[in-house]
Amino acid sequence: MANDNKNINSTDNASSDDVLRDVTGSDYKYGFVSDIDSDIIARGLNEDVVRLISKKKGEPEWLLDFRLKAFRYWETLKMPDWAHLDIPPIDYQAISYYAAPKKKESPKSLDEVDPQLLDTFNRLGIPLEEQKALSGMAVDAVMDSVSVKTTHREKLAELGIIFCSFSEAVKDYPDLVRKYLGKVVSYRDNFFAALNSAVFSDGSFVYIPKGVRCPMELSTYFRINASGTGQFERTLIVADDESYVSYLEGCTAPMRDENQLHAAIVEIIVEERAEVKYSTVQNWYAGDKEGKGGVYNFVTKRGLCRGDFSKLSWTQVETGSAITWKYPGCILAGEGSVGEFYSVAVTNNFQQADTGTKMIHIGKNSRSTIVSKGISAGHSQNSYRGLVSVAPDASGVRNYTQCDSLLLSSTCGAHTFPYIDVKNDTAIVEHEATTSKISEDQLFYCNQRGIPTEEAVALIVNGYAKEVMNKLPMEFAVEAQKLLSITLEGSVG
Amino acid sequence: MSSLNQYISLFEQNRATIYAASPEALNRLRPAALSALKQFGRLPGKRDEGYSKTSLEEMFAPDFGVNISRVTFPVDVAQSFKCDVPNVSTLLGVVVNDEFRPSATLLKNCPEGVTVDSLAAVAASDPEFVEKYLGHLSADRDAASALNTLLMQDGVVIRVRKGVKLDKAIQIVNIFNAAAPLMSVRRLLIVIEENASARILVCDHSQSSDYQYLSSQVAEVFLGDGATLDYCDIEESSEKTSRIAQLFVSQASDSRLTVNGTSLTVGHTRNEYHIDINGEGCDTELAAMAIADGSQVIDNSSRINHNAPRSRSNQLFKYLLDDKSHGAFEGLIYVAQDAVHTEAYQSDRNMLASADARMHTAPQLEIYCDDVKCSHGAATGQLDRNALFYMQTRGVPEAEARMMLMQAFMSDVIDRVPIEGLRDRLRHLVERRLSGEHAVCGDCAASCHK
């Protein structure tokens, strides 16, 4: 009898292993390259390159100064090595720091946009065409870090909402940009922030005026296309008093053997009683099954909840990139401000991810919630790294952190590195983490109720990520579900 | 001169004296330690990962004297120590600064198969044994242990031979006694051979609180197959005493280890627990509590490496921080790729009792194996107001209710202490500590503070 049991278990094991292999072994859908004429400057980085980028974009003097200050500071820095990542040496002189799809004039209407470019975004399922207005999303499409087209601008303008590319914002709203640029993420923040501040080429700019509730989701779609380039975009979101906006960000890149560098900055400022919801579905090319190629995703994202009772919520689904280094954070300076971070990070093959959040409580009665779900498969390494800090004057602070890891193979790794710094005696800070694989008990329970192993794995993984997926806006949830099903094919039903 | 260079040059100037005073089994480790230290170049500071509340650079900065020429301090051990935990009969040995002095009972009653002796003496009489173990676990992996190896001259060897089950606990009392700022460089070598078992209680005291002392202690513990060790460490020194105590353990198959750390009165303490589970089926319990006020700093760091399958580890750390005290906890559970069926748990609970108290926590998991059950939890908060209110409605005065709650908070660490008599003693000490009395050991180490 005991022997029989063993046999049953071992077959079960074999089949669940097969399922996991199927589940974790599918291909990247967005790996195509669009044949678009691009304007790429020579590889290498020096002051002249920084000046050239600024000149190409026709920027004012103060922005060039900002770039030069950042560049000079960057030169004094060394690449950080504290993350749990194995990063091959990056030759910063072998990258071209500016690539843009060639265009004559900025397009007035969609007809003027390069059809090849439109086709690219259509293949990615991004509704650039106005007739897709029904999808109810305003999109800023950024190809090789230059904004291609922003939709629905007029409709938003009626409400006083500014949603445009960063370079347009510099031209049209220089005072606003100057007022907020670098206020949340200083160019001295870290190595990649300094690099981005020196060479950023474009990005999105959002301003929601007082008391306005943005009627549609704003969305930026990032695409790296040209080879031998890096992408350095900057997003700046300002939500004035009592406003609300939900912002989405998606990313893809072609399949290439080389590693491409993506170093972005996102800065968000949330004023009194305003709320910003920032959702990311990150699907940069992750490299092939042997770990060759893929995007290095080194991103600095931070929001400043400056006003009282302001709220910032980060939701991220991280499935792509060969290496991810990303810690979206909230500085909770306002009294009663709220920070949230919901994350699903999936790593497969030879991907590495070191991601998490920082919740910096400065305001009284500020609250934060962190839910992080890591799923590792193949030979990947997946780390959560987070900081919760409570300043001496921040009384009544409440934080709850939960980070779980699910391991789907015996060769992957799952790690948790939370840092908790409490300097106030009225704070309540909790952290919980668990690591496990899909247990045989769970599978057996499902099997017993007539659910085949494959579906059971799907069910469990799906249920595991649900808590975070539920936080995504509906338009994005569909895409995120699709993505999970690509990375974990067959498991999402 | 940096703190480290000050001790390197001390060593280089007195090399001949140090070598002459120590047996070869100790001296042979010094060259490697010296080159490791030169490689490190400096002692870690607060900006280094894992040292958020402790700057060894600062801790080692004062010009402490080191007893290089082996002066015997005029302390009459038999006279001044009747240190005894009630209801626990122990084999007592006293270490004055770093010099080991066995008690009469220890010399008379030490059972067969058990060695409790001075490291210098054993290194001279049985160099093979010492060479086989000493320095293998600490292995100059960090600057503090390398510095200890560079300057060590004495300490304690505890060896329990194969199959010997020792009923009596071995108690080692470390005492600071010097009329000048002093650094003691202590070394503990504990070898519990196959299927043997022992209980060890280490107490730290300062006899005078007039001078600044620094204690650098490296303990290396080897557990053979099926061996059992209960290790309790109590620190009740003075607020002028700094200490860095590093415990390195290697566990062979089916061994059982219980470690209990208690920090009651300290200046600035850093305890490091490095436990390597190298055999299957091991069981490891690590618990520590810290009560701090004034401007005390208590910093605990643990690393449990699960290198072999089917082992279990459980950690519990509790802090109660008042006034301007600072606490830090950094703990890592590491599970190697083939360490299947590992169960590893870690919990850190902290209570801040004043607006100026600070707590830094970093519980970490590093897992390379999928068939494991691992979890960690950390929470920092304050006394439960509802509980306090509940007790007051039942007629318990607020101060008393607070006391009871704080005692209850600490009791689950105390409950894990495997020596029964010691549990009562600890409860008593915690009670006195919480009621604000300077926690002298009472009649436990009655004479320590006389």
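User: What makes T416(A) count as buried?

Analyst: Happy to walk through that one. The cut-off for buried is 20 or more other C-beta atoms within 10 Å. T416(A) has 29 such atoms within 10 Å, so T416(A) is buried. T416(A) sits in strand 23 of chain A, and its contacts include Y384(A), C403(A), Q364(B) and L365(B).

User: How do you know that strand 23 of chain A pairs with strand 19 of chain B?

Analyst: Pairing needs at least two bridges between the strands. Here six bridges join strand 23 of chain A to strand 19 (residues 358-367) of chain B, and the two strands run antiparallel. Within this pairing, T416(A) stands opposite L365(B).

User: Which elements of chain A give two or more residues to the side that touches chain B, and how many residues does each chain bring to the contact?

Analyst: The contact takes 31 residues from chain A and 32 residues from chain B. On the side of chain A, the elements giving two or more residues are strand 23 (413-422) and strand 24 (428-437). By class, that side has 13 nonpolar, 12 polar and six charged residues. For the complex, the predictor gives an ipTM of 0.78 and a pTM of 0.83.

User: Why is E242(A) called partly exposed, while N97(B) is called buried?

Analyst: The cut-off lies between their counts. A residue is buried at 20 or more other C-beta atoms within 10 Å, exposed at 12 or fewer, and partly exposed in between. E242(A) has 19, so E242(A) is partly exposed. N97(B) has 23, so N97(B) is buried.

User: How do you know that the buried residues of helix 2 of chain A line one face?

Analyst: Those residues are V49(A), V50(A), I53(A) and S54(A). Seen down the helix axis, they fall within an arc of 135 degrees, so they line one face of helix 2. Their cover includes helix 3 (61-75) and helix 8 (191-199) of chain A. On the other side of helix 2, D48(A) and K55(A) are exposed. Just after the helix, G58(A) takes a positive phi of about 60 degrees.

User: Why is chain B described as compact as a globular protein of its length?

Analyst: Chain B has 13 helices and 20 strands. Its radius of gyration is 21 Å, close to the 22 Å that the globule rule gives for 450 residues, so chain B is as compact as a globular protein of that length. Buried residues make up 55% of the chain.

User: Where in chain B does the pLDDT fall below 50?

Analyst: Chain B averages a pLDDT of 87, and 93% of its residues score at least 70. Over residues 439-450 of chain B, however, the pLDDT is below 50, although the stretch has 24 contacts in the model beyond near neighbours in sequence. Where pLDDT is low, predicted coordinates should not be read in detail.

Notes. Residues numbered from 1 in each chain as written. Chains lettered and ligands numbered in written order. Predicted model: local features only at pLDDT ≥ 70, side-chain atom pairs only at ≥ 80, totals over all residues. pLDDT = per-residue confidence, 0-100. Contact = placed C-beta atoms within 7 Å. Helix = DSSP H or I, 4+ residues; strand = E, 2+ residues; numbered from the N terminus. Rg over C-alpha atoms; globule rule 2.2 N^0.38 Å. Nonpolar A, V, L, I, M, F, W, Y, C, P; charged D, E, K, R; others polar. Arc of directions from axis to C-beta. Lists of a residue's contacts leave out its neighbours within four places in sequence.
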